[in-house]
Amino acid sequence: MRVAAPLDDQTVQALHDALIRVFKRPLELDIEVKPDILGGVWVRVGDTVIDGSLTGKLETLRHHLRSQCHSLLSASARFSARGLKQ
Amino acid sequence: MSDLQAMQQPEAIARVLRSNIGEYQFSLRPVAVGTVMDVGDGIAHISGLYDAMVGEMLLFADDTLGMALNLEENAVGAIILGDARHIVEGSSVRATGNLVSVPVGLDLLGRVVDPLGRPLDGKGPVRASRVRPVEWPAARIIDRAPVNEPLQTGIKAIDALVPIGRGQRELIIGDRQTGKTTIALDTILNQHRDDVLCLYVAIGQRLSTIAQVVNTLERNGALEHTIVVAADASAPAALQYIAPYAGCAMGEDLMYGGRDVLIIYDDLTKHAWAYRQISLLLRRPPGREAYPGDLFYLHSRLLERAAHLDAAHGGGSLTALPIVETQLGDLAAYVPTNIISITDGQIFLEEELFHSGTRPAINAGLSVSRVGGAAQVRAMKSVAGQLHLELAQYREMAVFAQFGTEIDQTTQLALERGSCLREVLKQGPHRPVAMEDQVALYYAVTRGHLDDVPLGKVTVFERQFLEFLRQKRQALRQAITIQRELSEQIESMLVDAITDFKQHDMVLGD
């Protein structure tokens with residue numbers, strides 16, 4: 001589990017309980033403090049990741065905006081009217 | 001262009017972005033994430049992703065798409081569907097939980113897209129409301145109807161000798177530069193009058209060739225009922241590999257919507273090459289000619305998706321015209337034999353015929369259509385039914401005549417009839433002939449009305465006769481289109497038209 005700043009014991013306990021509820025099996029928490037995730041919580045269990053970090057959210061927002069813009073950027077594609085005349 | 005101009009205004013951009021950010025909803029979902037172990041040549045091996053499916057869409061760190069193909073004990077072998085330059089060892093890969101899918105629907109008509117459905121023609125975004133997995137099982141037996149509706153290619157030699165039915169798979173095979181693509185294109189050009197939607201899938205072709213095809217379609221007004229799916233020679237092998245399946249998915253969606261669809265795969269030799277490359281890089285064992293063991297399945301599962309559905313399932317159809325390129329006319333090579341055995345017949349084009357001026361260069365002896373005969377229009381069948389036999393006899397006799405042996409009058413007549421027939425079978429590119437015109441023309445030849453026309457003037461006769469029919473015998477043409485058989489009434493109208501034409505309108509010159 002990665003967090004941006006150290007957590008108090010109460011929050012850790014609450015998170016631990018919540019994760020056990022989600023994954024339905026006993027888990028051991030290994031907390032890593034990583035300021036570069038900016039905020040929120042990032043959890044990995046096996047190969048499954050729940051990304052609740054601020055960077056992750058910004059990343060999905062960037063992805064969303066890019067997919068919205070992709071079509072507009074495609075105007076520079078190879079089959080534009082100019083390309084056909086060659 | 002207008003979208004682009006709008007985007008160049010800063011306030012407009014800001015407004016669009018702001019509304020998008022405001023509306024965006026975050027969701028917190030557990031996602032399977034793996035790590036790239038090694039990457040190269042368009043292939044990545046990924047550790048983790050224990051629940052990945054075969055054919056699942058993967059998302060690399062920089063939003064490049066991938067497709068899981070090899071599921072091993074501790075790793076997943078995936079092909080990268082795009083630019084792999086930003087994918088490095090150790091970067092993360094997310095599983096999407098979806099099979100690789102493409103946008104489908106009528107909105108794609110008139111567009112040029114890549115195998116993932118992204119526009120390549122600069123006409124703005126593809127507005128498709130649905131997606132469909134590229135790999136999908138073929139229609140079941142009980143959902144199918146027999147092939148019984150003709151697909152008019154507008155090419156005289158094909159409609160008469162190797163008729164194609166809707167839902168059929170007919171292979172177009174021949175050496176390079178023998179007119180394979182032209183036949184496919186001409187068939188597309190002829191579909192506007194029959195309301196058949198078309199797909200042209202270009203696999204591993206030169207960009208200039210693809211641009212030319214798109215240009216031809218556009219100039220002849222055929223692009224609006226066509227979707228072009230293009231994976232050019234510079235596209236990653238992974239994209240070339242999924243291109244025919246993507247095109248097929250788009251065609252299937254239209255077929256299940258009750259439409260008649262024609263799909264061209266140009267060409268499957270290059271598709272086999274792309275798959276061989278991927279297979280070898282994924283370290284699958286090589287077999288004959290270094291192709292992988294499942295090469296047959298690669299094409300059979302694609303071509304089996306062509307179907308004619310019964311009325312209960314909408315009655316749509318998907319007709320496939322795969323193209324295969326041979327080397328020096330070698331039909332016995334690995335890929336050609338495979339595809340010949342999968343399809344319902346083949347149109348064999350010969351370089352020698354092409355250069356001797358017989359165009360389309362169809363070898364009538366080696367070309368067959370195993371199911372199309374049942375779909376042929378009855379009128380066509382009654383005038384062209386004997387053509388195969390007559391041409392075969394002609395070829396045999398022509399060999400004899402070469403020796404200068406004395407020939408009796410009947411043989412002489414058959415020889416002349418044969419060479420006249422060969423003349424009639426010739427046709428220029430991008431000039432489809434309607435079914436009713438073909439019937440009239442074949443009627444004239446086979447009933448001996450052209451015996452007194454000199455061989456060099458047959459083309460002139462054809463042009464003038466068809467013009468005459470269009471201008472003065474519209475009723476006859478309509479009667480053939482509606483009745484679709486050679487009734488006594490139509491036959492007498494035909495004889496009357498031919499006599500009238502030869503007496504008054506024919507100007508053959510010297």
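**Chain B: a buried helix and a helix pair**

Let's start inside helix 14 of chain B. Met435(B), Glu436(B), Asp437(B), Gln438(B), Val439(B), Ala440(B), Leu441(B), Tyr442(B), Tyr443(B), Ala444(B), Val445(B) and Thr446(B) are buried there. Keep in mind that this is a predicted model.

Buried here means under 20% relative accessible area.

How far does helix 14 of chain B reach from its first C-alpha to its last? The span is 16 Å, close to the 16 Å expected at 1.5 Å a residue. After helix 14 of chain B comes Gly448(B), with a positive phi near 80°.

Now step back to the whole chain. Chain B has 17 helices and 17 strands. Of its 510 residues, 54% count as buried. Its C-alpha atoms fill a box of roughly 85 × 55 × 45 Å along the principal axes. Take the contacts in chain B with a separation of 6 or more: 74% of them come from residues 24 or more positions apart.

Next, a pair of helices. Helix 16 of chain B covers residues 474–483, and helix 17 of chain B covers 488–505. Their axes come within 10 Å and cross at roughly 150°. Angles over 145 degrees count as roughly antiparallel, and helix 16 and helix 17 of chain B are therefore roughly antiparallel to each other. Their crossing is left-handed.

Which residues make the contact? Helix 16 of chain B brings Ala475(B), Leu476(B), Ala479(B), Ile480(B) and Gln483(B). Helix 17 of chain B brings Gln489(B), Ile490(B), Met493(B), Leu494(B) and Ala497(B). These contact residues divide into 8 nonpolar, 2 polar and no charged.

Note on methods: Residues are numbered from 1 along each chain as its sequence is written. Chains are lettered from A and ligands numbered from 1 in the order in which they are written. This is a predicted model: local features need pLDDT of at least 70, side-chain atom pairs count only at pLDDT 80 or more; totals for chains, interfaces and linings use all residues. Side-chain values use heavy atoms; hydrogens and water are left out. Axes are lines fitted to C-alpha atoms, for helices over the stretch in contact, and angles run from 0 to 180 degrees between N-to-C directions. Helices (H or I, at least four residues) and strands (E, at least two) are DSSP runs, numbered from the N terminus. Angles under 35 degrees count as roughly parallel, over 145 as roughly antiparallel, 65 to 115 as roughly perpendicular and the rest as oblique. A crossing is left-handed if the near helix is turned anticlockwise from the far one by less than a right angle, and right-handed if clockwise. Contact means heavy atoms within 4.5 Å. Ala, Val, Leu, Ile, Met, Phe, Trp, Tyr, Cys and Pro count as nonpolar, Asp, Glu, Lys and Arg as charged, and the others, Gly among them, as polar. The expected span of a helix is 1.5 Å times one less than its number of residues. Buried means under 20% relative accessible area, exposed over 50%, partly exposed in between (1.4 Å probe, protein chains only).
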